[in-house]
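Q: I have a model open on my screen and would like to learn how to read it. Could you take me through helix packing and cavities?

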Amino acid sequence: MVELSSIIALIGIVSIALVTPGPNNLTALIHSGLHGARANIPLIGGMATGFILLQTFVAILVNNLNELGNWAYILHWIGVVFIILLAIVIGRLRPDLTKQSDIPRLGFKTGFAMQWINGKEWGFVILYMTLLLDDFGGGVTGSLWIISIVTTICILAIFAWSVFGMKLERFMTNPKIAPRLFPLLGGCLGLLAIAIGLRGA
């Protein structure tokens with residue numbers, strides 16, 4: 001039987017990940033703002049599939065290795081570099097100067113691939129798997145419990161970010177707001193990358 005305190009701890013860790021800027025929620029926010037919430041459905045499908053497989057991979061590592069060692073360090077810095085690059089791209093976006101039709105729609109493959117180079121996500125998944133897997137029973141059972149709870153919460157949150165993004169469309173295309181909004185979003189993501197980098201793997 002899983003302790004209620006373990007479930008609360010897991011939800012707390014995941015909540016922190018969801019409310020802070022990251023590749024998944026910022027991509028969902030911006031993409032839905034430009035193309036509408038429905039356009040995010042294939043993207044979110046890819047995110048969910050990749051996220052489930054990533055969590056499964058980390059759970060297998062945690063179940064079979066005492067320490068992640070150099071792999072965690074390498075993945076950590078790949079993720080940090082990716083977040084910095086994403087911050088630069090987002091910071092330079094100017095949807096008020098770009099025709100909506102010129103901005104490509106992102107689909108399943110993009111959402112799936114993003115999960116494997118998402119440093120923030122790797123960090124949080126490794127964190128809650130290493131800290132809480134035993135509390136959920138360990139092995140396959142514990143892994144399934146954690147993956148089910150976290151994936152459900154994350155999918156609902158990304159849909160919420162998508163709806164929020166659609167409502168922000170008029171701000172994203174406003175020439176008085178866009179020049180400040182996107183550098184701000186990119187800056188927040190850049191600060192997150194620095195914080196993750198300083199924290200270390």
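A: Happy to! This is a predicted model, where local features need pLDDT of at least 70, side-chain atom pairs count only at pLDDT 80 or more, and totals for chains, interfaces and linings use all residues. Residues are numbered from 1 along each chain as its sequence is written, and side-chain values use heavy atoms, leaving out hydrogens and water.

Q: At what angle do helix H1 and helix H6 pack?

A: Helices are DSSP runs (H or I, at least four residues) numbered from the N terminus. Axes are lines fitted to C-alpha atoms over the stretch in contact, and angles run from 0 to 180 degrees between N-to-C directions. Here H1 (residues 4–19) and H6 (residues 119–132) pack at about 170°, their axes 10 Å apart. The two are therefore roughly antiparallel, a label for angles over 145 degrees.

Q: Which residues of H1 and H6 make the contact?

A: Contact means heavy atoms within 4.5 Å. H1 brings residues including Leu-10, Ile-13 and Ala-17, while H6 brings, among them, Phe-124, Leu-127 and Leu-131.

Q: How much space lies in the largest cavity?

A: A cavity is a set of points on a 1 Å grid over the protein atoms alone where a 1.4 Å probe fits but cannot get out; lining residues have an atom within 4 Å of a point. The structure holds one cavity of 30 Å³ or more, and the largest has about 320 Å³ of space. Its lining has 23 residues, with Leu-18, Asn-24, Phe-51, Glu-121 and Cys-154 nearest the centre.

Q: Which helix supplies the largest share of that lining?

A: H6 does, with five residues.

Methods. Angles under 35 degrees count as roughly parallel, over 145 as roughly antiparallel, 65 to 115 as roughly perpendicular and the rest as oblique. On a 1 Å grid over the protein atoms alone, a cavity is a set of points where a 1.4 Å probe fits but cannot get out, and a pocket is an open set with protein on both sides within 12 Å along at least five of seven lines; lining residues have an atom within 4 Å of a point. Grid points are joined across faces, edges and corners, and a volume is the space filled by probe spheres set on the points.
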